[in-house]
Amino acid sequence: MPLDPQAELVLGMVRKAGLPELWQLTPQQAREQYAMRVAKLATKEDIHRVHDRRIPGPGQDIPIRVYEPREARQGERFPILVWFHGGGFVIGDLDTHDHACRVLATQADCMVVAVDYRLAPEFKFPAAVDDCMAVVRWLALHAPELGGDPARMAVGGDSAGGNLAAVCAILARDGGYPKLAFQLLIYPCTAPEPETPSHRKFAEGHLLTRNTITWFYKQYVRSPKEFEDFRFGPLGADDLSNLPPALVLVAGYDPLRDEGVDYAKRLIDAGNRVTLVNYEGMIHGFLLMGAAMDAAKRALAESASALKAAFAVNSGNA
């Protein structure tokens, strides 16, 4: 499929702006540029209630943002999506992914708990993993305090956030708790090294470049040895059996496309229930471009529908 005309228009806008690539900036400059770009392309979504709080973490308190889709009925507890934002483990925050969380909460009729995990290079691997898993485990014990149901909990994220969701699903299985209902993996980075055909084919010209990817990873890890750790590249995990059902969304013109497909296939081969969807004409990051791309709205709706179905199965209502 050719590049989607709306994606082509966005890429043209980016080229016309003439901004430096993220890898040419300091981490703080990259965060500011990314936030500015997201703000221009995101849409707004009303929601019943949003509130921020902090919970205990392994290195420091972890900020989270809680989204409630509506007023809860008496005695009702919402299913929970624990959301990890993308950004190469270096950029992104609660605000850059606020719109996506609002839509997912509203359309899936669930509580979304977004995690502001520690970023590299200030905090190296596995700080992000440790923070995300700490939130998952905290919610397993304390979700009722927020009005959430720990028996119906999913993990999800985009790009680096998809990586963190996949890793948390493995760690939850290995640790014996919590039992997760679902994993939502949106164009996740999963490979130990960026050496797939799509990394080479889309190395330049489609927003996320190979130089930026390698720059992200250099900020995140201390040494190449850490690439071998499944908490960095879950595609390298020895055992992917007995994991939660998954929806894996990939983009056709994304350097990360092939590793997302490969991860979905490995999950399937290990006996898991997986739906793999390729948004063939799309580029990396399109989920946050709802003001410019209709596919972003479709992907969020598809994700919300899959979450809602998974939560219904776990509640015995399907």
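The lining of the second largest pocket is made up, by class, of 17 nonpolar, six polar and four charged residues. This pocket belongs to a predicted model, and the space within the second largest pocket amounts to about 500 Å³. A total of 27 residues line the second largest pocket, and those closest to its centre are Ala181, Leu243, Pro244, Pro245 and Arg273. Two or more lining residues are supplied to this second pocket by each of the elements α5 (160-175), β7 (246-251), β8 (274-279) and α9 (294-315). Among these contributors, α9 gives the most, with six residues.

The largest pocket of the model has a volume of about 830 Å³. Its lining consists of 41 residues, of which Val14, Leu22, Arg37, Leu207 and Leu208 are the closest to the centre. The elements that provide two or more residues to this lining are α1 (5-17), α2 (27-41) and α7 (210-220). The largest share, seven residues, comes from α2. When the residues of this lining are divided by class, 24 are nonpolar, eleven are polar and six are charged.

Attention now turns to the aromatic side chains. Ten aromatic pairs are present in the structure. In one of them, phenylalanine 202 and tyrosine 253 are tilted relative to each other, with 5.4 Å from centre to centre and 50° between the planes. This pair connects distant parts of the chain, since its members are 51 residues apart: phenylalanine 202 lies in the loop between α6 (197-201) and α7, and tyrosine 253 in the loop between β7 and α8 (257-269). Phenylalanine 202 counts as buried because its relative accessibility of 4% is under 20%. Tyrosine 253 is likewise classed as buried, because its relative accessible area is 17%.

Another tilted pair is formed by tyrosine 279 and phenylalanine 286, with 5.4 Å from centre to centre and 40° between the planes. Both partners fall in the buried class: the relative accessible area is 9% for tyrosine 279 and 1% for phenylalanine 286. Elsewhere, ring pairs join Phe89, Phe125, Tyr217, Tyr220, Phe227 and Phe232 into a cluster.

Burial can also be followed along a strand. In strand β4 (residues 111-115), five of the five residues are buried, and therefore the strand is largely enclosed by the rest of the structure.

Strand β4 has pairing partners in β2 and β3. With strand β2 (residues 62-68), the pairing of β4 is antiparallel and extends over four bridges. With strand β3 (residues 78-84), the pairing of β4 is parallel and extends over five bridges. In this case isoleucine 80 has methionine 111 in β4 as its bridge partner.

Conventions:
Residues numbered from 1 in each chain as written. Predicted model: local features only at pLDDT ≥ 70, side-chain atom pairs only at ≥ 80, totals over all residues. Heavy atoms only, no water. 1 Å grid on protein atoms, 1.4 Å probe; cavity = no way out; pocket = protein on both sides within 12 Å on 5 of 7 lines; lining within 4 Å. Points joined across faces, edges and corners; volume = space filled by probe spheres on them. Nonpolar A, V, L, I, M, F, W, Y, C, P; charged D, E, K, R; others polar. Phe/Tyr/Trp six-rings, centres within 6.5 Å; stacked < 30°, edge-to-face > 60°. Buried < 20%, exposed > 50% of the residue type's maximum accessible area, 1.4 Å probe, protein only. Pairing = 2+ DSSP bridges.
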